Number of protein chains: 2
Amino acid sequence: MQEILNNENNQLLTNSYHCWLQYRKLENAEKYSKIASTIAVADDTVVINSAVNELKNALNSMFDITPSVQPFPTNEYSIVLGTYESVDLEEFGIARELFSNLNEEGYLLKYAENQKQVLLIGKTDQGTLYATFHFLRILQREESIDDLEIIEAPKNQLRMMNQWDNIDGSIERGYSGNSIFFNDNDFTNDLTRVRDYARLLSSVGVNAISINNVNVWDIETNLISEKFLPKVKEVADILESYAITTYLSINYASPMELGNLESADPLNEEVEKWWAEKVEEIYSYIPEFGGFVVKADSEGRPGPFTYGRGHVEGANVLARALKPFNGKVVWRCFVYNCLQDWRDRKTDRARAAYDNFKSLDGQFLDNVILQIKNGPMDFQVREPVSPLLGAMKDTNQVLEFQIAQEYTGQQIDVCYLIPQWKEVLNFDTYAKGEGSTVKSIADGSLYGYKHSGIAAVSNIGDDINWTGNTLAQANFYGFGRLIWNPDLTTDEITKDWIHLTFGNDPKVVEEIEYMLLHSWRTYENYTAPLGVGWMVNPDHHYGPNVEGYEYSKWGTYHFADRDGIGVDRTIETGTGYAGQYFEPNAKVYNSLENCPDELLLFFHHVPYTHKLQSGETVIQHIYNTHYQGVEEVEDFIQRWNSLKGKVEDWVFENVKDRLQRQLENAIEWRDRINTYFYRKSGIPDQQGRPIY
Amino acid sequence: MQEILNNENNQLLTNSYHCWLQYRKLENAEKYSKIASTIAVADDTVVINSAVNELKNALNSMFDITPSVQPFPTNEYSIVLGTYESVDLEEFGIARELFSNLNEEGYLLKYAENQKQVLLIGKTDQGTLYATFHFLRILQREESIDDLEIIEAPKNQLRMMNQWDNIDGSIERGYSGNSIFFNDNDFTNDLTRVRDYARLLSSVGVNAISINNVNVWDIETNLISEKFLPKVKEVADILESYAITTYLSINYASPMELGNLESADPLNEEVEKWWAEKVEEIYSYIPEFGGFVVKADSEGRPGPFTYGRGHVEGANVLARALKPFNGKVVWRCFVYNCLQDWRDRKTDRARAAYDNFKSLDGQFLDNVILQIKNGPMDFQVREPVSPLLGAMKDTNQVLEFQIAQEYTGQQIDVCYLIPQWKEVLNFDTYAKGEGSTVKSIADGSLYGYKHSGIAAVSNIGDDINWTGNTLAQANFYGFGRLIWNPDLTTDEITKDWIHLTFGNDPKVVEEIEYMLLHSWRTYENYTAPLGVGWMVNPDHHYGPNVEGYEYSKWGTYHFADRDGIGVDRTIETGTGYAGQYFEPNAKVYNSLENCPDELLLFFHHVPYTHKLQSGETVIQHIYNTHYQGVEEVEDFIQRWNSLKGKVEDWVFENVKDRLQRQLENAIEWRDRINTYFYRKSGIPDQQGRPIY
């Protein structure tokens with residue numbers, strides 16, 4: 001931890017380390033002071049103890065007092081922590097049935113003034129922990145508790161974080177330092193940050209985590225061996241104390257690499273036996289182990305294809321091994337031909353997930369969950385929703401987002417993704433007729449999935465503020481809040497984060513909210529236009545490179561020529577991808593007239609002079625948005641600079657520095673995109689702005 | 001050495017290791033057998049000993065005998081090795097004055113039949129060594145020695161090899177394994193390959209070498225410290241025994257990094273003193289040390305600019321330190337702005353060397369030599385000759401080639417560069433009127449330079465055949481022969497190499513000669529057209545990427561748009577680069593009508609429909625050459641395959657494998673270049689061949 005401390009006074013260099021759990025001293029502490037001095041605890045579990053500790057520290061920090069912790073019941077004004085089993089609810093006028101409709105993670109927050117007590121009551125201890133964090137949000141935001149009575153339960157069952165951390169300490173697509181879990185081919189010695197990460201995760205309701213990269217290399221393969229399992233257990237214990245279940249990403253070739261078998265064929269009996277014994281071994285260390293995350297037969301990773309087997313056989317052998325322990329297999333659907341020939345116009349990466357998995361519906365065991373990226377490509381700033389979502393009524397699905405800003409500015413550029421995720425969650429797939437939203441698929445209600453939920457690629461590392469750019473904390477926070485309850489508005493989530501992170505100064509709230517809420521569109525404005533995507537530098541994916549992927553084996557194209565641009569994915573003349581959607585979506589996307597502007601070039605190849613629904617031509621839209629994008633970043637900079645002195649100096653400089661780099665990036669994008677298309681089209685900007 | 005041996009019988013895996021020094025058994029040995037059994041040695045020096053050893057081993061190998069070595073004179077039929085000082089020439093009817101016109105490295109080869117002796121007589125022992133290798137070439141090629149009487153001396157004074165070897169064992173722009181000098185941050189333990197490399201170098205007349213990369217990183221900086229100097233001496237001793245002088249590339253910031261001075265300002269007295277003492281220290285280890293190679297203020301390397309000084313001050317401080325020991329400073333002119341803004345059309349990298357150095361003529365001390373790349377850019381497959389060559393009449397110049405095929409196929413693709421280098425050497429700069437060829441600049445005759453010559457970046461590594469592709473040995477061989485005597489024809493050099501490497505089978509000679517002599521044009525055909533260059537993948541520089549450098553800080557552009565392509569470097573409307581040449585070259589390049597087709601796009605921006613002198617349009621030329629390039633590679637493959645059984649299996653497979661990869665590369669180039677320009681121009685191929 002030393003590196004994040006100021007050596008002179010051993011203080012943290014910035015409060016940004018605490019993210020939204022800063023527990024800033026309250027301005028009007030007296031209105032809560034009656035109840036803040038005592039914590040009454042009705043249960044003694046590891047998770048409740050975590051809640052008590054959090055509460056104690058928070059009250060200490062916000063009220064500058066040391067609350068006494070007593071067993072429940074007590075007659076004093078107090079905050080009561082317990083479960084509905086351990087607290088006699090009828091004494092507080094609460095019907096016990098209230099809880100029977102709540103899922104296991106639900107909770108009640110209530111101020112029972114007559115009884116002098118605030119109740120933080122979970123259906124289980126996990127609910128109590130969530131209730132505690134919720135209550136602390138209320139206190140930090142200085143909301144009234146006079147009429148406090150809130151009943152809450154998460155909408156999604158699996159709320160998962162995927163670390164892409166490698167055991168050498170690097171993070172694939174990490175933009176905020178190195179891993180907090182691993183270092184130098186082993187677990188880190190000091191697990192303080194793992195504990196603090198667990199607090200952050202559970203404070204926003206995340207209940208599962210896979211701690212290693214989905215690309216499992218040589219050394220990581222050993223995470224499920226006796227060499228590393230004791231350390232995995234140590235980490236899992238910490239996470240478990242915050243009600244977070246640990247998963248591991250595994251190497252599909254483990255039976256060969258660890259077991260010295262000659263095959264990893266899922267239908268081979270020895271392989272089946274090996275997995276069964278391996279899983280038993282893992283659970284002997286970690287009884288609460290969650291299961292495996294698997295990237296198989298994808299981007300060069302091993303998988304069942306080697307043996308002429310498919311995803312069903314591949315996943316089910318693991319599922320059978322995990323079943324006795326209630327473990328799950330999270331099987332990623334990011335499977336496509338990454339050795340494509342650019343000359344082949346028929347192969348379409350966008351089609352791949354659907355083409356690979358759709359026909360397998362109903363064949364996976366019930367503890368297999370397919371993890372599907374939100375779009376058919378790979379977390380571009382703008383993509384349509386993956387047509388596989390909702391297309392498998394008899395197969396558990398989990399939706400995957402990417403908090404790490406791989407294609408959206410890499411935590412240099414501000415790009416607040418909650419609005420994007422809201423659009424995805426609210427998208428109507430029409431899988432079972434109108435109202436078949438993505439969120440109803442993810443929460444399992446549409447098809448009655450046994451398991452489902454939402455996962456995301458983490459954006460944190462060992463930077464002092466966890467996320468490189470402090471504003472990127474908002475994506476982590478927002479992800480948790482949103483997947484707990486997809487019906488929360490962007491506005492609610494955003495305001496909450498700003499208040500908890502920056503306090504209540506209206507000017508601060510206003511400017512930051514403006515920046516966050518506009519940032520996604522701004523990023524889209526100065527990067528790849530109209531849904532075409534992929535105009536980034538290969539490999540590292542930052543900065544513009546219009547032809548970067550145009551002739552690559554990764555198979556993503558824009559086909560820009562002197563006349564027009566876009567990928568024809570229509571049914572009649574294109575790759576047919578549009579036909580993977582349910583009607584009426586298929587028809588809308590397939591139609592040049594009705595396809596939304598923002599996805600036009602994803603579905604259609606059009607002349608530069610094509611008129612958008614907005615009334616602009618494609619080429620003029622490109623010019624306009626790119627000039628506009630830069631102007632918006634300049635505006636962000638002005639807004640941010642106006643906050644000098646109003647936010648902590650460290651944070652001010654952190655964001656200021658990144659905004660400057662964002663501006664350079666935006667200018668480079670603007671000029672390269674505009675120049676590229678001007679050179680190709682020969683059509684000048686109507687406003688005569690400089691193009692090179 | 002173990003890795004290049006077949007473990008079972010401890011034999012070399014391939015004769016390719018011996019390159020052109022295979023000393024294949026002679027078919028008609030008897031015609032030389034009289035003289036082959038005795039070696040008569042007139043001098044006892046390290047270099048003569050090397051010659052004797054080479055001769056002994058070669059005779060043993062070619063004649064299957066062990067010649068006796070005797071002191072000269074002897075009455076037996078023998079081969080006499082000595083210098084003109086140690087052998088009484090008049091006894092052989094040779095006028096001693098013959099040698100007074102020869103430079104120190106010259107020699108005489110003569111069969112004095114009456115005296116029963118073949119004379120290998122050097123002006124110095126160095127000449128004797130060269131005479132020995134020359135004689136062995138004659139034997140290996142089974143030429144008649146009946147009338148043998150050859151007088152030879154190198155045309156160029158400095159004939160230098162630049163290793164770009166890093167001390168970690170990697171080689172910058174190395175395409176044939178790791179360094180033979182360094183490994184794991186130290187010198188290699190086994191110097192066998194260094195000795196064999198020395199044999200190869202001296203066999204073709206190379207007399208100087210810089211053993212470390214011109215980019216001198218942290219650890220390499222220490223090569224001139226006591227930590228490494230004993231090892232440098234060990235290597236230098238081996239090289240010296242083959243008459244090769246050792247140079248080191250140095251870090252201009254050495255006074256700070258090694259000497260703990262606060263500055264490396266060349267006008268600072270302490271710095272001056274530090275260099276003087278450092279040079280003295282180096283010479284105390286290596287009395288025959290050659291001097292320093294310096295890349296300063298180039299591509300981020302430190303240099304005098306930091307202190308507001310220029311190249312003159314920068315080089316002269318080193319020159320003063322080296323002067324007492326007859327050491328030299330080889331100062332590279334590869335200086336340009338590598339942080340260019342692509343929007344800035346006025347900055348032109350092609351202008352940089354001339355702009356940086358031309359005005360400094362006459363200011364460098366006489367032991368400074370400016371090393372100038374053959375073209376103004378960076379070893380592209382086609383560039384004009386650097387206008388700096390010949391532009392400084394009072395400053396020593398050395399010409400730099402690149403044997404390593406960085407931009408010319410990376411020793412995967414066959415690209416025989418002797419024809420390119422011949423063009424450069426024969427180019428008339430008109431610096432002092434007609435006949436001011438580059439070769440007359442390099443050999444010092446045009447301006448009477450005190451020091452001059454030709455250097456090249458090496459293409460060897462620790463691959464068993466030294467050069468990755470065995471055919472790439474021809475570039476190493478040819479470089480040495482050509483710079484010894486730039487008037488040798490390509491045909492002579494090529495035939496020599498093939499005979500020495502593959503023997504005398506006419507079919508083998510014919511096919512390989514065909515491939516070599518066509519390969520440069522073939523490579524040009526399928527890569528960047530008409531001199532425009534740089535359409536390669538950034539960083540590693542292999543394979544096509546038309547826009548790879550178009551928007552980069554490295555500053556090299558083609559400006560292709562929907563109407564045309566090329567860089568306007570004319571005097572009137574362009575960067576003015578054409579004006580850096582002497583007349584009439586300036587006028588020719590500046591003129592759209594007279595500019596040679598092959599350099600058209602280097603000097604002019606023209607419409608795709610522009611008619612070349614060949615009668616073709618630019619666009620049709622692009623299509624034609626790219627289809628043709630692939631067909632030529634297919635033809636090479638057929639020709640090579642016809643040699644199965646006629647060349648050693650290992651070599652056959654080595655070249656076959658690389659030709660296959662070359663074909664894939666050529667197809668990728670063809671399709672990407674043609675597609676790119678078809679999309680941009682919209683003009684179809686007249687022959688309707690497939691474009692994607």
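Predicted model: local features only at pLDDT ≥ 70, side-chain atom pairs only at ≥ 80, totals over all residues.

User: Start with chain A. Which domains is it divided into?
Analyst: Domain 1 covers 19–152 and domain 2 covers 158–487. Domain 3 comes in two pieces, 526–567 and 605–681.

User: How far apart are the C-alpha centres of domain 1 and domain 3 of chain A?
Analyst: 47 Å.

User: OK, sheets. In what order do the eight strands of the chain A barrel close?
Analyst: The order is β9-β12-β13-β14-β15-β16-β17-β18 in chain A. Pairing is parallel. On average, neighbouring strands of that sheet are turned by 25 degrees against each other, ignoring direction.

User: Give me one strand pair there. How many bridges join β15 to β16 in chain A?
Analyst: Four bridges. β15 of chain A spans residues 328–332, β16 of chain A spans 368–373, and the two run parallel.

User: And what is the bridge partner of A:R332 in β16(A)?
Analyst: A:Q371.

User: Now chain B. What is the strand order of its barrel?
Analyst: Eight strands close in the order β9-β12-β13-β14-β15-β16-β17-β18 in chain B, with parallel pairing. Neighbouring strands of this sheet are turned by 25 degrees on average, direction ignored.

User: How many bridges for β15 and β16 of chain B?
Analyst: Four, in the parallel sense, between residues 328–332 and 368–373 of chain B. B:R332 has B:Q371 as its bridge partner in β16(B).

User: Which strands of the chain B sheet does helix α13 touch?
Analyst: Helix α13 of chain B, residues 473–484, packs on the sheet and touches β9 (158–162), β17 (397–402) and β18 (453–457) of chain B. The helix direction makes about 160 degrees with that of β9(B).

User: Is the crossing of α13(B) and α14(B) left-handed or right-handed?
Analyst: Right-handed.

User: Which residues meet there?
Analyst: From α13(B): B:Q473, B:A474, B:Y477, B:G478, B:R481 and B:L482. They meet B:I493, B:D496, B:W497, B:L500 and B:T501 in α14(B). By class, this contact has six nonpolar, three polar and two charged residues.

User: Back to chain A. At what angle do α13 and α14 of chain A cross?
Analyst: Roughly 130 degrees, and their axes come within 10 Å. In chain A, helix α13 is residues 473–484 and helix α14 is residues 490–502. α13(A) and α14(A) are therefore oblique to each other. Their crossing is right-handed.

User: Which residues make that one?
Analyst: A:Q473, A:A474, A:Y477, A:G478, A:R481 and A:L482 of α13(A) meet A:I493, A:D496, A:W497, A:L500 and A:T501 of α14(A). The contact divides into six nonpolar, three polar and two charged residues.

User: What about α11(A) against α13(A): what is the crossing angle?
Analyst: Roughly 25 degrees, with the axes coming within 10 Å. Helix α11 of chain A is residues 418–426. α11(A) and α13(A) are therefore roughly parallel to each other. α11(A) passes α13(A) in a right-handed crossing.

User: Which residues make the contact?
Analyst: α11(A) brings A:I418, A:W421, A:K422 and A:L425. α13(A) brings A:A474, A:N475, A:G478, A:F479 and A:L482. Six of the contact residues are nonpolar, two are polar and one is charged.

Definitions and conventions. Residues numbered from 1 in each chain as written. Chains lettered and ligands numbered in written order. Heavy atoms only, no water. Pairing = 2+ DSSP bridges. Axes fitted to C-alpha atoms, helices over the stretch in contact; angles between N-to-C directions. Contact = heavy atoms within 4.5 Å. Parallel < 35°, antiparallel > 145°, perpendicular 65-115°, else oblique. Left-handed = near helix turned anticlockwise from the far one by under 90°. Nonpolar A, V, L, I, M, F, W, Y, C, P; charged D, E, K, R; others polar. Domains from an automatic or database assignment.
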